[in-house]
Amino acid sequence: MLLIIAGALMLLFALDLFGVKAVGRLVPRPPASFGRVVRRSARTTSALTPALVGFATVLVPCGVTLSVELVAITSGSPVAGAAVMAGFVLGTAPLFTVLGYLFRRAAGSVSAHLRSLTGVVVLTVAVWTITSALQAGGWVSFGTDARPAVAAAEPPAGPRAQAASDAPVRSDASGKQILTLTVTDFYETTAFAAKAGVPTELVLRGKDAGGCARAFTIPAMGVREIVKENGDTAGDLGTPKAGTLRFSCAMGMQTGVIDFA
């Protein structure tokens, strides 16, 4: 919900930059006195000014920043939370330093179009943020496989049984349905077709897993797991009824579905 609110705010900012008068009263604005202080400070030649203004941007309702702030808060530790935010600032500082330099060098040639260009960037980030929020909340899933992984007609036996243990959908000797999701830097299977009314277990198989894909969630069931870098993490899904179960990384960037029928 925080990401949706942040995306909606950025959408208002973008429309305001495009000159849409209808949103003028809806856009939150800082006090005029604050704006005058910032403009006076930005005109100074002090080397600290760009750094101070840059540090203030952590207060901007950006989807990526909010996601990292949520990670910091949910760590439950002031020290761990500070470490998360410090890593985020240090990791993004080089990119923003380069961007700031390029914008400053190009200010003369693009100043007439800078407002519109900024609006395009803000609008793009707003759409991305809202899309990620909807996926992280488990309401929608984009980019899933057109052909879902299904179980074989009969469980294999003999030498083929070991190879079948890596199959995305299989059944063990007791009749339990096992779904295996291989996690690297992404989810290798993003759509499963499974049987409803059957005891089901989900195995998260890390293979050099990294990035936000390791923070696996099933929002509808309150499932939150950190996938092992290498190894299996098993979770019981109970006996699901017919329907669609959506999963995603914690940031809503990578998603998938399990269709029970």
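Visitor: How do α1 and α6 pack, in angle and axis distance?
Guide: Their axes lie 8 Å apart, at an angle of about 160 degrees. Axes here are lines fitted to C-alpha atoms (for helices, over the stretch in contact), with angles from 0 to 180 degrees between N-to-C directions. The model is predicted, so local features need pLDDT of at least 70 and side-chain atom pairs 80 or more, while totals for chains, interfaces and linings use all residues. Numbering starts from 1 along each chain as its sequence is written, and side-chain values use heavy atoms, without hydrogens or water.

Visitor: Roughly parallel or roughly antiparallel, then?
Guide: Roughly antiparallel, therefore, for α1 and α6 (over 145 degrees; under 35 is roughly parallel, 65 to 115 roughly perpendicular, the rest oblique).

Visitor: On to sheets. What's the strand order in the five-stranded one?
Guide: β3-β9-β8-β5-β6, an open sheet with mixed pairing. Strands are DSSP runs of E, at least two residues, and helices are runs of H or I, at least four, numbered from the N terminus; a pair needs at least two DSSP bridges.

Visitor: Which strands are at its edges?
Guide: β3 (191–194) and β6 (223–226). Each has a single partner strand, so one side of each has no neighbour in the sheet. On average, neighbouring strands here are turned by 20 degrees against each other, direction ignored.

Visitor: How many bridges hold β3 to β9?
Guide: Four, and the two strands run parallel, with β9 covering residues 255–260. Ala194 has Phe260 in β9 as its bridge partner.

Visitor: And the four-stranded sheet, what order is that?
Guide: β1-β2-β4-β7, also open, with mixed pairing. β1 (169–171) and β7 (230–238) are the edge strands.

Visitor: What joins β2 to β4?
Guide: Seven bridges, between residues 177–183 of β2 and 200–207 of β4, running parallel. Gln177 sits opposite Thr200 in β4.

Visitor: New topic: how much space is in the second largest pocket?
Guide: About 760 Å³. A pocket is an open set of points on a 1 Å grid over the protein atoms alone, where a 1.4 Å probe fits, with protein on both sides within 12 Å along at least five of seven lines; lining residues have an atom within 4 Å of a point.

Visitor: Which lining residues are closest to its centre?
Guide: Leu70, Thr217, Arg224, Ala250 and Met251, out of 25.

Visitor: Which element gives the most to that lining?
Guide: α4, with five residues. Others supplying at least two include α1 (2–17), α6 (114–136) and β8 (243–249).

Definitions and conventions: Grid points are joined across faces, edges and corners, and a volume is the space filled by probe spheres set on the points.
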